[in-house]
Structure formats: C-alpha cells, structure tokens
Amino acid sequence: MSTTTWHDRAASLSIDGRAFIDGKRVDALSGKRFDCLSPIDGRKLAEVARCEAADVDAAVAAARAAFEDRRWAGAAPAERKRILIRFADLIMQHQDELALLETLDMGKPIRYSRAVDVPATQNCIRWYAEAVDKIYDQVAPTPDNSLALITREPVGVVAAIVPWNYPMIMAAWKIGPALAAGNSLVLKPSEKSPLTALRLAELALEAGIPAGVFNVLPGYGAEAGQALGLHMDVDCIAFTGSTRVGKQILQMAGQSNLKRAWTELGGKSANIVCADCPDLDAAVKAAIGSIYFNQGESCNAPSRLFVEAPIKDAFLEKAMKMMPRFAPGDPLDEKTVMGAIVDATQLNTVMGYIESGKQSGATLLHGGAQARLDTGGFYVEPTLFDNVDSSMKIAQEEIFGPVLSVLTFTDLDEAVRQANATQYGLQAAVWTADMSKAIRTARALRAGTVHVNQYDNDDITVPFGGYKQSGNGRDKSLHAFDKYTELKTTWIQV
Ligand code: NAP
Ligand code: MG
C-alpha cells in the first residue's frame, strides 16, 4: 500500500478508547480519560478510559463469575480450540487495521507491524488453540490398591500486564496459553499502547469467547496495574515489563493473596563474536539488524557486542556500511525500517544514555542525535559506540533504544565473565567455527536463551524468558501452560 493510502486510512480511523469489561465497551467508572498520542507526529489518536481500582474490581468480578459458572473453563478442549482458531482467523482478517493501530500507537514501521506483529499474534493464539486438545494428564505409578491422577486445572482469574514495545505479541503470549487452558483473563496494556488490545478483545468476543472471559482495562501502571497486583481475587499475575516494576509485582503478590506471579523482565544481552567466526557478514548483519530492529525497543536486543580484537576493524567497517539503512523514517512508509521511539519520556531516557556514553569516554562512531524534529514525533538516529568498557553505564543498564555498545576482547573466558556480569540474563550469543568452544561458551553463559552462529531464530515452539533479574517462568512453548495451570493430585482407593 502507498504511504498516502496508509496516511489516508489513519486520518479516517475512528478509535474507541473505552475499556472492555464483561463483553461490553464501557467508560471508566470515574469517567476519567487520558489522551492517547502518536509518537509518529504527536497527534492525538483517541481518548482512552483511565481505569482505576473500582474498574479493576468490576473486571475481576466479571472474570470470576465467568470462571465459576464454567462457561469457558467447562467447555471441551476441542471447543475452546475451535473458538480460539476462529479468533486467530479474525486477527488475520483485520491485519491492516491492527497493524495500522499498532504503528500509530507506538511508532514501529508499518512493514513490520503488518508482516511480523499481526502474524505472530495470530500464530501464537492458533498454536495454543491447536495444542489444547492434544495434551494428556498423568497417572502416577502408585501401589495396586490405589489410583492417583495428576491433572492440570486452570488457575482461575489471570491478570496480564504487558509493555508497549510489542503490544499485541506480548499480550498474545499471555492470552494464548491462559485462555486455551480455560482461565478468565484481565489484560492491562501499557498506557502508551492500549489500542490493539482493545480491538483484540472485541474480536475475541466475535469469535465466540464468552463475555467476561477476556477483559481489557487500559489505564496507568500505578493505578489499574497496581490494583491488579494487590487484588485479593486475582489468582495469577503474568507480567512483562521492566525489572523495577517486576520486583514490585512480586511484592504485591506477597502483600496480598500470594497470587502466582510470573515476570518477563529486561535484558542487556551479550553477543560474542570470536575471531574464528564462520561467517563475518552474517554476524554483522545479525548484530546490527537485531539491535536496531523495533528502534532498539526489544528486551532481547543484543545491546552489548563483544568482538575479538583481530577482527574488530573488519567487523566495524562492515557494520558502518549498514548504518544508513536504519535512518529513521516515516513509520507509515513501507520502505521505513526504523520508526519512532514510543514517547517523549523514552526518548529522553535514550538521549540521556547517549550523553552518558559520550561523558564516560566511549567513542561515538555513528548517530547520537535526534532526527526528524520537524515531524513533531520522537526519532533517534541509530547509534554506535566503540571502545566501551564493561564498567560504563551504557554497558550495564538496559537502554531500550537504538544504541549499540562495542567492547573488544582478547580472552574468551574474560569476555564470558563480563557478559555474565550484569543483573540480567535474558539472551546471549556466541559466534565461532569451533563447535566445542561454542558448546562450552553456551553452557557458561547465564541466560535463558543462547544463540550460536545466529541471533534471529524465533519460534512459538521454544520457551522465552530469563535467568537472574530478567525474570522467572517462561512464555511461549508448552512450558507456558505451567504458569496458567495448577497441578492437582486425586487419590482414589481401589
Ligand atoms: P514497565 O514500565 O515496567 O511497564 C510494564 C507494564 O507495567 C505497563 O503496562 C505499565 O503500565 C505497568 N506498570 C507500571 N507500573 C506499575 C505498577 N506499579 N504496578 C503494576 N503495573 C505497573 O516497562 P515498559 O517500559 O513498559 O517496558 C519495557 C520493559 O519491558 C523493558 O525492560 C523490557 O526489557 C521489558 N520486556 C521484557 C520482555 C520479556 O519477555 N522478558 C518482553 C518485552 C519487554 P503503564 O505503562 O501504563 O504505566
Ligand atoms: Mg501510544
């Protein structure tokens, strides 16, 4: 579609920012709203319901009632499958609309929201739908005079709190397994990106998911989010976001009803390229492509690049040739590969880290400035620092923007030690032609996912989550069902 067509479509959108509770669009009980602004040009997209504790009570009550009368939990797995597959189909039928909402709301290029985010969202829902009538429970090997059944039951009312970097995909990673397992769900999207979640709830209802089973509450973290965290009738909270708020989620669970609390948090992933890397072009392409994808706003972005000294110059020469491709452009232009930063706050955070990099003595090789200032939106040049030291703030803290830190190493053991020396442990990578070295390094890296000689592989079939302060539990794959089910033992006397 042409850029003009996308802009025309954007101009003619009418967006409903009301919450979605018990199958209906409703205003916040207080009547309060907040402005939903586009980072593309600062335009106001909609007024969105500012849900607070009273709205949380209403949504949780609707979810609880739906769970108790078993309108969804009691449906045969094959029936839940049928309805969730229809939900996935409807998502694909609304591909352009959902992609446009996502791009307008959080600034990512339309080419990706359309070709990556919407398909990944529907694929996640579809995959859990297809899984749910193929999973068997267990019978324990107990003595002859008894029968012990080990079964999975839905945990009950699940609250999901998700961030703004992949609003639909992060929501789908919760919606898919939570609903397939028979739970009721209250989803709180980020205040920065509430629009697609609200549309997903409407499509779910249209697909046949009963009212009350899937509710969406837009609002602020400190209001709606905190009320969910502290709620006495939420059985499980599945959180994706920062490590700072993740710690609060665990505390809130402890302060309230000890709800099961799962956290998918930040990262500062290390990408280690050894001198015997089998394909330097592929390594450069993966390193640069992965850090600047989604404006650097990816939890698993390889933001620390460790390059072995003998190949560093060659690596950087190739990397610099790629940089112009990532110059920020109009997110509604299908040629654009880097869009807008989500809002002014995040822009200031990123610019603060760039300033810190300069002050601490790293060498700014590319970028470092804001771009497209005339648009009224928030754009940052792809930024590359060389001669970074592990003690620098830009090598320790998650920037969540298009900033790459390059560190040079001469000893692999020392590189691994530094790679592990942050609070995070989400992902890591090693590039070498020596398989034994690759396996030893992969074992030594303290991260939930380690990539060998690639960085981009991704599939719904594999678990995703972190070690250390990158969180607990795993999204994606059959392991995600662990979050949303209780294990029950039933002893029967024979
Ligand atoms: P964030 O500030 O922690 O916010 C995440 C969500 O929590 C938002 O919906 C936010 O609502 C809500 N929230 C904020 N304060 C809260 C509180 N006191 N109680 C309950 N909820 C609260 O994180 P973010 O800036 O949106 O997202 C970026 C972070 O997410 C990065 O650290 C990134 O690495 C991480 N992330 C991790 C994964 C993973 O799978 N490991 C995936 C994607 C992103 P409001 O926005 O409305 O305030
Ligand atoms: Mg927004």
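Analyst: Accessible areas come from the Shrake-Rupley method with a 1.4 Å probe, and for residues only the protein chains shown count as cover. By that method the chain has about 19100 Å² of accessible surface, with 51% of it belonging to carbon and sulfur atoms. This is a predicted model, in which local features need pLDDT of at least 70, side-chain atom pairs count only at pLDDT 80 or more, and totals for chains, interfaces and linings use all residues. Side-chain values use heavy atoms, with hydrogens and water left out, residues are numbered from 1 along each chain as its sequence is written, and chains are lettered from A and ligands numbered from 1 in the order in which they are written.

Now to your ion. The magnesium ion (ligand 2) is held by Asp105 (O), Asp105 (OD) and Lys192 (O), at 2.1 to 2.3 Å. Donors here are N, O and S atoms within 2.8 Å of the metal (3.2 Å for Na, K and Ca); water is not among the atoms, so sites may look incomplete. Asp105 belongs to helix α4 (residues 95-106) and Lys192 to the loop between β8 (184-188) and α7 (195-207), so the pair ties together parts that are 87 residues apart in sequence. Helices (H or I, at least four residues) and strands (E, at least two) are DSSP runs, numbered from the N terminus; the chain has 16 helices and 22 strands.

Asp105 counts as buried because its relative accessibility is 1%, where buried means under 20% relative accessible area, exposed over 50% and partly exposed in between (1.4 Å probe, protein chains only). Buried residues make up 56% of the 494 residues in the chain. Along the principal axes, the C-alpha atoms fill a box of roughly 70 × 65 × 40 Å.
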